Amino acid sequence: MQIETLKVFCDVVETGSFSAAAALNLITQSAVSQQLRALESRFQCKLLERGRGRTRPTPAGEVLYRNSRAILETYRNLEVELQELREVVAGTVRIAIVYSVGLHEFPPYLREFMRAYPRVQVHVEYSRANRIYEAVLSGTTDLGIVAYPPRHPQIVTLRFREDQLVLVAPPDHPLATAPRADVRQLDGEPFVHYERDIPTRRAIDQLFKAHGVRPRQVAEYDNIETIKRAVEIGQGLAMVPLPAVQRETEIGTLRVVVLDGVQLVRPLGIIYKRGRQLSPAARRFVEVLRQEKAEAAA
């Protein structure tokens with residue numbers, strides 16, 4: 001039995017999918033099935049059950065998963081220690097990042113890191129914040145980048161940067177032609193929101209509540225790109241991170257509306273599992289993320 005087989009098994013349990021585990025390990029779905037049959041033959045018990053579109057572990061599978069995850073973490077720590085002894089910055093760094101940051105603020109840092117450490121492979125996944133926390137806690141990703149990071153006993157949070165949230169409107173909207181606007185003018189206006197479980201949405205809701213404003217919700221989306229397109233076609237107004245709309249404001253498809261007396265800042269954090277020994281490559285990536293040089297290039 002090889003370490004790779006235990007990893008494939010853990011990936012199936014965590015994703016609930018043979019095909020997803022195959023993609024993560026760059027093998028075929030048939031190869032995943034063969035490795036899992038070999039595990040069941042070795043331990044003489046059924047490890048997985050398929051049903052309702054998702055694969056779940058049996059009680060025996062839960063035992064194997066829990067112990068396999070511990071074995072994989074021990075093996076990863078062994079690799080890290082050996083790399084440190086050889087002073088090698090290589091291997092793979094897995095990063096999960098929220099859409100708006102990953103698409104619009106992260107690329108300069110990634111380019112800087114790849115230039116400095118060409119032997120490292122960086123796997124980037126764009127995801128929702130709740131899934132990023134799950135991935136960090138399960139060990140399937142090394143680092144996460146999220147907005148409004150809460151305190152968590154099992155997670156270490158490092159400051160990354162801050163975004164200004166701004167109101168955007170289509171160019172032909174009455175508010176877009178005025179130099180400034182009062183937040184109370186948003187009362188009753190059609191508004192395009194983030195979905196309710198997204199931290200940025202909760203911050204925007206708190207802002208409106210503090211000012212006694214009730215915009216008329218017309219849509220909810222889970223990513224910045226869809227929100228921007230909705231505003232561009234006149235579906236409503238929206239509050240979004242300023243770096244995410246720089247291109248649209250430059251070409252004139254969106255206008256930033258300055259709200260008098262309103263300053264809403266979105267903190268971003270780098271997260272990783274407490275007690276997890278970061279590899280030399282992951283530590284270097286954190287250093288790049290927190291350095292002023294790359295941030296200035298963003």
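Rings of Phe, Tyr and Trp (its six-membered ring) count as a pair if their centres lie within 6.5 Å; planes under 30 degrees apart are stacked, over 60 edge-to-face, and the rest tilted. By this rule the count comes to 5 aromatic pairs. The model is predicted, so to speak of local features takes a pLDDT of at least 70, side-chain atom pairs count only at pLDDT 80 or more, and totals for chains, interfaces and linings use all residues. Residues are numbered from 1 along each chain as its sequence is written, and side-chain values use heavy atoms, with hydrogens and water left out.

**Tyr-109 and Phe-160**
- These two rings are edge-to-face, because their centres are 5.1 Å apart and their planes sit at 65 degrees.
- The pair links distant parts of the chain, 51 residues apart: Tyr-109 is in helix H6 (residues 107-116) and Phe-160 in strand S6 (residues 155-169).
- Helices (H or I, at least four residues) and strands (E, at least two) are DSSP runs, numbered from the N terminus.
- Tyr-109 is buried, at 0% relative accessible area, and Phe-160 is buried too, at 2%.
- Buried means under 20% relative accessible area, with exposed over 50% and partly exposed in between (1.4 Å probe, protein chains only).

**Phe-191 and Phe-208**
- Here's another edge-to-face pair, 5.2 Å centre to centre with 90 degrees between the planes.
- Phe-191 belongs to strand S7 (residues 190-194) and Phe-208 to helix H8 (residues 199-210), 17 residues apart.
- Both Phe-191 and Phe-208 are buried.

**A cluster**
- Phe-106, Phe-113, Tyr-117 and Phe-285 team up in one aromatic cluster.
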